[in-house]
Amino acid sequence: MTQERVVAVLVTPSAAAAAPPGVDAEAFLTAVAEDAYELVAGLDFVSPVVVSSVPGMEEIVWPGTPVVHVPDLSGAALVRAAFQALPHGEQAVLLSADAPDLPPLLIGKLFRELGRARIAVCPAAGGGAVALAAHLPYPAWAQTGLDDLDPVKALRASAPGSRMVAKGPGWHRLRSPADIGLLDPGLEGWDNTRALLSG
C-alpha cells in the first residue's frame, strides 16, 4: 500500500517581489502561483493543495482542490503552519509559489529521498529552499524556513541524526526582478508567467 502524498503550493505576498518594472505585482503573483499549482496538479499519485496567506487563490485552482489559509507568518513559523494546515496526507512537499518553472521530476526526487530520510530539501540557488518534503506529522525539531540561508545545514544541526535530512537537486526561485532571466523559454510549463511577461 502506497503512502498518501500531498504537494502543497505555498503562496505568500513575497511571490510578487520579482515582478519586473511595468508588470503589475498582483498579476505577477497570481501568474506564478497558478503556474506552480498547474505543475503540481498535473502530477500523478499526489493530491494538490494550495496553502496561502494571500486572499483569492481559490480562483486559480481546479474544482475540488483544497485552498487552506494560513496567517501571514515568516520563516520556520510559516513552514510549520503550512504543514500543519494540510487536510490530509502521510508525506508532503511544500513548494514555494515563486518557482513556476520547476521541473516536475524534482518533486518526485524529493519523495524518493523520503524513503530514507524524515525531511528532504530542494535547495534554492542563492540560498534558501525551493521546496521541503517531510513525513507527517511535521517533526518538532524542524525549525527552518524556506528563506533561511542554508536550510539543509540548519535542519541537520537540529535533527536527532544527520541522516534524517536529505538534500535533493536544487533549482531557482524568482525573488527579485533580476531573477526573471533564470526562466528558460525552452522549458515546458510556466505558461501564465510567460504570457504575462511577453505582454
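The legends below describe a predicted model, first as a whole and then in close-up views.

**Figure 1. Overview of the predicted protein.** Residues are numbered from 1 along each chain as its sequence is written. Because the model is predicted, local features need pLDDT of at least 70 and side-chain atom pairs count only at pLDDT 80 or more, while totals for chains, interfaces and linings use all residues; side-chain values use heavy atoms, with hydrogens and water left out. The protein has 5 helices and 7 strands, where helices (H or I, at least four residues) and strands (E, at least two) are DSSP runs numbered from the N terminus. Their order along the sequence is β-α-β-β-α-β-α-β-β-α-β-α. Along the principal axes, the C-alpha atoms fill a box of roughly 50 × 35 × 35 Å. The radius of gyration is 16 Å, which agrees with the value near 16 Å for a compact globule of 199 residues; this radius is taken over C-alpha atoms, and the globule rule is 2.2 Å times the number of residues to the power 0.38.

Figure 2. Of the 199 residues, 53% are buried. Buried means under 20% relative accessible area, exposed means over 50%, and partly exposed lies in between (1.4 Å probe, protein chains only). The accessible surface comes to about 9,000 Å², and 55% of that surface belongs to carbon and sulfur atoms; the areas come from the Shrake-Rupley method with a 1.4 Å probe, and for residues only the protein chains shown count as cover. There are 13 positive and 21 negative side chains, with the centres of the two sets 16 Å apart. Lys and Arg count as positive and Asp and Glu as negative, whereas His and the chain ends are not counted. Each charge is placed at NZ of Lys, CZ of Arg, CG of Asp or CD of Glu. Among contacts between residues at least 6 apart in sequence, 61% join residues at least 24 apart; a contact means heavy atoms within 4.5 Å.

Figure 3. Most residues other than glycine have a negative phi, and most peptide bonds are trans. Phe 45, which is not a glycine, has a positive phi near 65°. Phe 45 sits in the loop between helix H1 (25-41) and strand E2 (47-52) and is exposed, with a relative accessible area of 79%. Leu 136 and Pro 137 are joined by a cis peptide bond with omega about 0°. Pro 137 belongs to the loop between strand E6 (129-135) and helix H4 (151-158).

Figure 4. Trp 190 lies in the loop between strand E7 (165-167) and helix H5 (191-197). Phi of Trp 190 is positive, about 40°, although the residue is not a glycine. Trp 190 counts as buried at 7% relative accessibility. Asp 35 in helix H1 is also buried, with a relative accessible area of 4%. Not counting residues up to four places away in sequence, Asp 35 touches Pro 100, Trp 190, Asp 191, Asn 192 and Thr 193.

Figure 5. Pro 151, Val 152 and Leu 155 are the buried residues of H4. They cover an arc of only 100° around the axis, so they are on the same side of H4; the arc is that of the directions from the helix axis to the C-beta atoms. These buried residues pack against strand E5 (119-123), E6 and E7. Lys 153 and Ala 157 are exposed on the face of H4 turned away from its buried side.

**Figure 6. Helix H2 and its strands.** In helix H2 (residues 75-85), the buried residues are Ala 76, Leu 78, Val 79, Arg 80, Ala 81, Ala 82 and Phe 83. They pack against strand E1 (5-11), E2, strand E4 (91-96) and E6.

**Figure 7. Surroundings of Ser 53.** Ser 53 is in the loop between E2 and strand E3 (67-69). Its relative accessible area is 17%, so Ser 53 counts as buried. Apart from neighbours within four places in sequence, Ser 53 is in contact with Val 11, Thr 12, Pro 13, Val 70, Pro 71 and Asp 72.

**Figure 8. Surroundings of Ala 166.** Ala 166 is part of strand E7 and is buried at 0% relative accessibility. Leaving aside neighbours within four places in sequence, the contacts of Ala 166 are Glu 113, Arg 116, Ala 117, Ile 119, Ala 120, Val 121 and Arg 156.
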